[in-house]
Amino acid sequence: MEGQNGSRAHGPVTDGQKRRKKQEDKEDKEEIPDRVTLKKEIGLLSACAIIIGNIIGSGIFISPKGVLEHSGSVGLALVVWVLGGCIAALGSLCYAELGVTIPKSGGDYSYVTEIFGGLMGFLLLWSAVLIMYPTTLAVIALTFSSYVLQPVFPDCVPPYMATRMLSATCLLLLTWVNCSSVRMATRIQDVFTVGKLMALGLIIMVGLVQICNGNYEALTPQVAFAMERTPSVGQIALAFLQASFAFSGWNFLNYVTEEVVEPRRNLPRAIYISIPLVTFVYTLTNIAYFSSMSPEELLSSNAVAVTFGEKLLGMFSVVMPISVALSTFGGINGYLFTSSRLCFSGAREGHLPSLLAMIHYKNCTPIPALLVCCAATIVILCIGETHNLINYVSFINYLSYGVTIAGLLYYRWKKPNLFRPIKVNLLVPVCYLMFWALLLGFSLYSEPVVCGVGLVIMLTGVPVYFLGVHWKEKPKCIYKFIERMTFVGQRLCFVVFPQIDPIVIDDPSERTDT
C-alpha cells in the first residue's frame, strides 16, 4: 500500500497538473508585487482629474452667494471670480516649480519642511491633519448627504442624524475603495470629474439659452455694477476668501507627486490645463446664474444650483441635486486620496507615528493613513459645528499657501545653483505674495477673532512638536508602547514599510545646474 501510494504521489505529472501549477504561480505573482512601493498609476488624464475634481467640489454650488453678498454687485462678483482664478493660476505656477524641484509627495508640507526645517513643516502638518482636511471633508460629505436627501424631504430640512449617517456611510465606502486599489480610486475620480463638468456644462448651456432669449439685463454694465452700498476693502477681501474656498484644491496634485507617471512632464502639464479650464467654467457658471436669477433670489437661496434648476428645468429639476451630489461624491474621493498621502509623508519624515508611513503589502495603498483621515472626519461630523470651523480652515489654508510660495523665493536665494526643470519668472511669486499679504491683512482687520483662532490652532502644534518629535530621550516605556501599537496596527492592516527607490526620491540638494 505504501509503495502504491508513493508511486501515485510521485508518478508522472499530467498536462492538467502542469496547467494548474502554472496558473497558481501566475496568481501568486499577481497577488504579491515584486516591489512593495507606491505605484505610479496617475497619468496626465488622471492628474487633471485630481486637480479639477478637488477644485470642483461643493464650492461653486455654495460660494456664489457669499461672493455676491460681500462684493455688493453682480459685476464686481464676476471680477472677483476671474481674479480668483488668476491668483490660483499664479500660485499653481509656483507649485509646479516646487513640485519638480523637490519631487516628494506631501505638497506644502514637504516643501516647507525641506526649505524651512521640521518645526515649520510640522505646524502645517498639524493644522492640516487636526482640522483643515477633516473639516473640509466633513463639509463636502454633509453637502453630499443634504442634496441626496433633499428629494426625500422636499418640504423641510433633512433630519440631523440622517445627514450624518449618510455622510459617514459615504466616507466609509470611499475609504474602502482607496484602501483596495489606487487604480480604482483614480478611475472613480476620472468618471466623477467628467460628471461634474457635465453638470456645470448643463447650467452653462441653460444660461446661454437664457442670454440668447434676451434675458441678460442683469449682466449689462449699468445694472451689473449698480450698488446699493459701496463695499469696503475688507468686504472685498472676504469676497476673495469665499472665491478662494471654491478654488481650493489647485495644489493637490503635489500631494501625490511620487505616484504620477513622469512627474516632471505631467505635473506642470496637468496644472496648465486644469486651472484655466476651471476658471473658465466657474466664470460661465456664474454668468448663467445671473442670467436666470436676480441677485435677491441668489442671496436668499441656500442651494443656488437647485434653485436654478427649479426655476428653469421644470420637471427635470431633480437633475440638479443629483448632479451636485455626484460632484461632491467625487470631491470626497479626491480629498481622501490626497490627504492620506499627506499623513503618509508626515510619518515618513518622523513627524507622525511610523505606522502611517506603511502601505499594504499587496495593494500598495497607505491603509493606516486613510483610516486616520476617515476617523478624524467622522469626529468632526459628530461635533456638528462645521460652518464655524470652515472659516478657520480658509484662513489656515491661505496662510499655508503664502508660507510655501515665500519658501520658493527663499530657496532661490539659498540654493541658486540647484537644478530646476521649471523656473518661473520672479514676478509670478512676488505678485502672488503681494496679493496674498493684502488679502490676509484685510482679513485680519475684518475678522480678527476668526484669524486669531486659526493662528492659535496652528500654534498648538509647537509643544506637540517639541514633546513628540524634538524630544529624543523619551522613557523606554513610551517607546515600548509605540512599538507595540505599531506591531498591532501592522497585523490588523497587513502593512509594511515601502521600498524607496533612491533614483526616484533623491536629495534635491545634490542636483545643480552645473
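The lining of the largest cavity divides into eight nonpolar, six polar and no charged residues. Here Ala, Val, Leu, Ile, Met, Phe, Trp, Tyr, Cys and Pro count as nonpolar, Asp, Glu, Lys and Arg as charged, and the others, Gly among them, as polar. A cavity is a set of points, on a 1 Å grid over the protein atoms alone, where a 1.4 Å probe fits but cannot get out; a pocket is an open set with protein on both sides within 12 Å along at least five of seven lines; lining residues have an atom within 4 Å of a point. The model is predicted: local features need pLDDT of at least 70, side-chain atom pairs count only at pLDDT 80 or more, and totals for chains, interfaces and linings use all residues. Residues are numbered from 1 along each chain as its sequence is written, and side-chain values use heavy atoms, with hydrogens and water left out.

The largest cavity holds about 130 Å³. Volume is the space filled by probe spheres set on the grid points, which are joined across faces, edges and corners. Of its 14 lining residues, Phe245, Ser248, Val393, Asn397 and Tyr401 lie nearest the centre. Helix H17 gives the most to this lining, with five residues. Helices (H or I, at least four residues) and strands (E, at least two) are DSSP runs, numbered from the N terminus. The second largest cavity holds about 110 Å³. Gly84, Ile87, Ala88, Ser244 and Tyr398 lie nearest its centre, out of 13 lining residues. H11 supplies the largest share of that lining, four residues. The lining has 11 nonpolar, two polar and no charged residues.

The second largest pocket has a volume of about 710 Å³. Its lining comprises 25 residues, and His351, Leu352, Pro353, Gly468 and Ile482 are the closest to its centre. H7, H20 (461–470) and H21 (476–493) each give two or more residues to this lining. By class, the pocket lining has 18 nonpolar, five polar and two charged residues.

The protein has 21 helices and two strands. Of its 514 residues, 53% are buried (under 20% relative accessible area; exposed is over 50%, partly exposed in between; 1.4 Å probe, protein chains only). The largest nonpolar core has 135 residues, of which Phe61, Ile203, Leu253, Tyr282, Ile332 and Tyr398 touch the most other members. Such a core is a set of buried Ala, Val, Leu, Ile, Met, Phe, Trp, Tyr and Cys residues joined through side-chain atoms within 4.5 Å. Helix H7 (residues 118–149) gives the most to this core, with 15 residues.

Ile42 sits in the loop between helices H2 (15–31) and H3 (44–55). Its relative accessible area is 0%, so Ile42 is buried. Beyond four places in sequence, Ile42 touches Ala47, Ile50, Thr186, Val256, Glu259, Val260, Val261 and Phe337. Contact means heavy atoms within 4.5 Å. Val182 is 140 residues from Ile42 in sequence, yet their C-alpha atoms are 8.8 Å apart.

Most residues other than glycine have a negative phi. Glu262 has a positive phi near 45°. Glu262 lies in the loop between H11 (233–247) and H12 (263–292). Phe494, also not a glycine, has a positive phi of about 55°. Phe494 is in the loop between H21 and strand E2 (495–496).

The average pLDDT is 82, and 87% of residues score at least 70. pLDDT is the predictor's confidence in each residue, from 0 to 100. Residues 1–10 stay under 50 and have zero contacts beyond four places in sequence.
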